[in-house]
Amino acid sequence: MGKTGLAWEADRLQRIKSDFTTLTWALIPVAVVINIVVGHIVQDILKLPIYLDSVGTILVAGLAGPLAGAMTGFLSDLLWGVIFSNPAIMPFAITAFCIGLVAGLWAHLGWFKKELPLVLGMVLVAGVGGLLILIQAVNSGPLGAGLALVLTVVVLILTALRVFPALVVVGGVLTGLVAAVVSAPIAAFVFGGVTGSGTDFLVALFEATGSNILQAALGQGLVSDPFDKFVSFCVVWILLRSLSRRYLVRFPRGSDLVQEQPIEA
Amino acid sequence: MKRSFFLLRSSGWHTLYPLTKLVVVMAVLLVGLAAPSPIVPLALCVIVILPLVAWAQILREWLRASAIVLLPFAISVLLIQTLFFPGATHSFMSVGPFALKEEGLFFAFGTIARLLLLAGAGLLLLLSTHPADMMHALEQHGLPPALAYIAVAALELVPQMQARAESIADAQRARGLEIEGSFLTRVRGLVPLLAPLVLSALSDVDERAMALEARAFSARRAKTSFKPLVDTKRQSVIRWCLVCGAIVFAAAEVLIL
Amino acid sequence: MIRFERVTYSYPQTKRPALRDVQLQIDEGSWVAVLGANGAGKSTFCAAVAGFIPHHFRGELYGRVLVNRTDTAATPLSELVTQVGFVFQNPLNQFSGAKLTVAEEAAFGLENLGVPREAMIRRVEAALEWMGLQTVADRSPYALSGGEQQRLALACILVLEPRILVLDEPTSQLDSAGTREVYDSLRSLLASRHLTVILVEHKTEWIAQYADRVLVLNEGAVVLDGSPREVLAHADLSRLGVNPTRYTIAARAARDLGIWPSDRGLPVALEEAVEGFRLLQEPEGIRP
Ligand SMILES: Nc1ncnc2c1ncn2[C@@H]1O[C@H](COP(=O)(O)OP(=O)(O)OP(=O)(O)O)[C@@H](O)[C@H]1O
Ligand SMILES: [Mg+2]
């Protein structure tokens with residue numbers, strides 16, 4: 001028992017090591033810059049109410065495994081702090097690290113390429129949406145629950161119309177949930193709940209309706225993050241479909257992301 | 001997005017080994033943030049960080065950058081926490097229907113003090129140390145070279161991507177795409193702007209990897225370094241003292257205060 | 001010396017080989033140009049010489065590639081790089097990106113190999129001098145012109161002191177001034193050092209001037225192999241997706257019009273063409 005456990009550990013270590021090929025090392029800086037430049041364009045130039053700064057993280061997590069994705073996220077946040085001279089946001093690198101891990105796990109399970117039957121997919125999306133609503137109802141009352149309901153309805157419609165596969169949608173929402181849970185204590189203890197950005201009005205609303213600071217920070221995160229990560233997962237899914245199969249399979253875990261296919265003639 | 005994170009000066013602080021600067025900043029942060037009272041971070045900011053900033057000859061830029069980081073945050077936290085601080089009972093003033101809470105004001109004040117230290121110390125380091133030198137120093141002290149590589153490579157890649165983003169934006173504008181204006185216009189601008197940017201960046205990865213291989217990136221040997229970066233015995237001693245001192249101080253703060 | 005022993009290679013998950021039964025030998029000190037249509041397998045050939053096949057690209061490799069008598073499949077890439085240097089199309093993609101000055105960038109490969117600092121400085125200086133970059137050694141690699149950047153890319157490889165240089169369309173991103181810079185530097189380098197060069201280049205005028213052997217690939221197979229004169233004037237060249245030089249085209253047009261004698265070979269370079277057309281004006285009898 002002990003021996004097989006050890007062998008299994010060694011196997012896993014080997015797997016992690018084999019994720020870091022030169023191709024992975026070349027990919028990570030590019031992905032970091034994609035995070036930063038896309039995030040910057042979306043937030044500061046197009047001024048859209050979404051972060052979209054983890055597309056590169058999710059992509060690397062899929063192509064080269066959870067640890068590579070986590071590193072990409074972590075580095076992106078540090079570098080964001082460097083480039084925009086804002087060291088205060090660097091603690092959120094921990095959140096970005098976790099996003100990479102979760103997205104990597106999702107891809108590892110093959111859930112970026114798997115298509116579910118429509119009914120099952122709808123049930124799954126509804127389930128995860130329900131979970132989000134429930135958490136919000138407990139954490140931040142009817143307001144949070146209402147906003148979660150809106151998100152749930154939107155993703156249900158998109159899944160029903162088969163715009164995006166259910167598992168990708170669910171992966172995004174769940175990753176957002178994890179991100180919110182990890183960010184909330186950082187936001188509460190480092191920043192006193194607010195961040196100086198547009199989402200602060202949500203914190204004020206939640207506090208005004210009876211949340212404490214941690215709850216308010218979590219409530220805010222549970223509104224912004226699941227939506228943001230849902231969009232990011234969908235963007236990555238679209239990207240994966242526009243990249244050639246030949247390109248994807250070159251990466252250590254590229255074959256986790258593309259459908260099996262008969263060898264081309 | 002200007003790259004203004006590093007300012008070259010001929011100060012004594014600039015000639016310090018990057019790791020020494022990092023340890024100074026980390027020690028100050030540890031002592032400052034472990035303290036329960038907001039007086040400590042505030043005091044550290046004034047008696048440690050500010051003189052170092054002056055020594056590094058980056059006072060004006062440091063003030064500017066700190067203000068940019070802190071102002072929106074400070075306004076937000078003051079406003080929200082004095083108005084809505086959960087469970088507050090004492091109000092010192094009321095404005096229309098809103099009561100301004102005393103506990104909230106103190107809380108906001110404490111948060112701002114801590115963030116002032118975090119941002120101030122961080123900016124001292126960022127503005128006076130080139131990230132490439134920092135990574136180089138960390139590499140000399142055991143950071144895996146590949147990690148140092150990705151950090152610096154990403155940093156150097158930003159302006160290239162930036163330039164590419166601009167040329168794509170120009171090209172799309174020339175084709176009549178609008179990226180300014182109403183919310184919907186901006187959302188519609190998203191895909192034609194970002195898709196070519198991301199896809200072209202990704203398509204370079206393969207060649208970049210091969211080029212790295214062609215330069216022995218994957219060699220499993222102890223690497224050497226072309227650029228000299230000198231550490232001194234004295235700085236090494238100072239670093240160890242700082243680390244020990246900071247830990248003792250922080251522990252004392254947590255246990256005694 | 002490079003030897004291909006019946007090399008057939010297919011990329012992963014493809015059936016059609018990108019190299020088919022390639023059998024050839026390239027002697028030390030020769031300049032070999034590789035031509036072919038898009039997708040003919042030129043880059044694949046280069047990758048096989050440099051050991052990227054099979055080390056970097058997986059897939060199926062049959063036969064052997066020998067570089068200086070060692071089997072590339074059995075030697076790690078990081079050791080092969082000191083024997084075979086590889087220069088790519090886009091200079092920006094070739095820089096490590098992690099170095100702030102030209103000299104540091106040039107030293108990157110040597111750092112990875114753990115070369116002592118004194119030796120490193122000497123080799124970097126030498127390589128920058130060969131490429132005429134001494135004056136910009138302290139500038140940022142990204143502040144250079146296209147031609148300078150590609151010469152730096154060459155210098156980055158030359159510091160490793162390979163005996164064989166593989167260049168895959170090194171000038172395709174450059175204007176004619178940049179192209180000339182790169183070729184002039186290469187020529188002066190080769191005059192002083194006895195290197196073997198394998199070059200993929202669409203601009204056949206340059207090849208006619210420099211190469212002493214030309215290979216033409218088609219669907220992964222070597223279909224023409226000979227001196228520039230034989231290959232570049234070959235009747236099948238256009239059919240194989242390669243543009244003949246403008247001198248050959250002009251002379252062939254002249255021949256089709258009956259001006260150029262059909263028993264005389266077609267020129268591939270400027271001097272030959274001038275000489276050929278000059279002869280046309282002289283009466284038949286006194287031709288030397
Ligand atoms: N990574 C890869 N995976 C699968 N097939 C590939 C890969 N790279 C190239 N090929 C295929 O191998 C064949 C030869 O490609 P190669 O890049 O060697 O051609 P080339 O002569 O260099 O063309 P070009 O002039 O476009 O550079 C082509 O059919 C190409 O589609
Ligand atoms: Mg090619």
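Tutor: A polar contact is a pair of N or O atoms within 3.5 Å; within protein, one must be able to donate a hydrogen and the other to accept it, and residues adjacent in sequence count only if both atoms are side-chain atoms. The model is predicted, so local features need pLDDT of at least 70 and side-chain atom pairs pLDDT 80 or more, whereas totals for chains, interfaces and linings use all residues. Side-chain values use heavy atoms, without hydrogens and water, residues are numbered from 1 along each chain as its sequence is written, and chains are lettered from A and ligands numbered from 1 in the order in which they are written.

With that in place, a backbone N or O atom of Gly41(C) lies 3.0 Å from an oxygen atom of ligand 1. For Ala40(C), the corresponding backbone distance to an oxygen atom of ligand 1 is 3.2 Å, and a polar backbone atom of Lys42(C) is 2.8 Å from an oxygen atom of ligand 1. Taken alone, ligand 1 exposes 630 Å², of which the protein buries 75% (accessible areas come from the Shrake-Rupley method with a 1.4 Å probe; for residues, only the protein chains shown count as cover).

Around ligand 1 there are 14 residues, each with a heavy atom within 4 Å of the molecule. Those that come nearest are Arg246(A), Gly39(C), Lys42(C), Ser43(C) and Thr44(C). Because residues from chains A and C surround ligand 1, the site is shared between chains.
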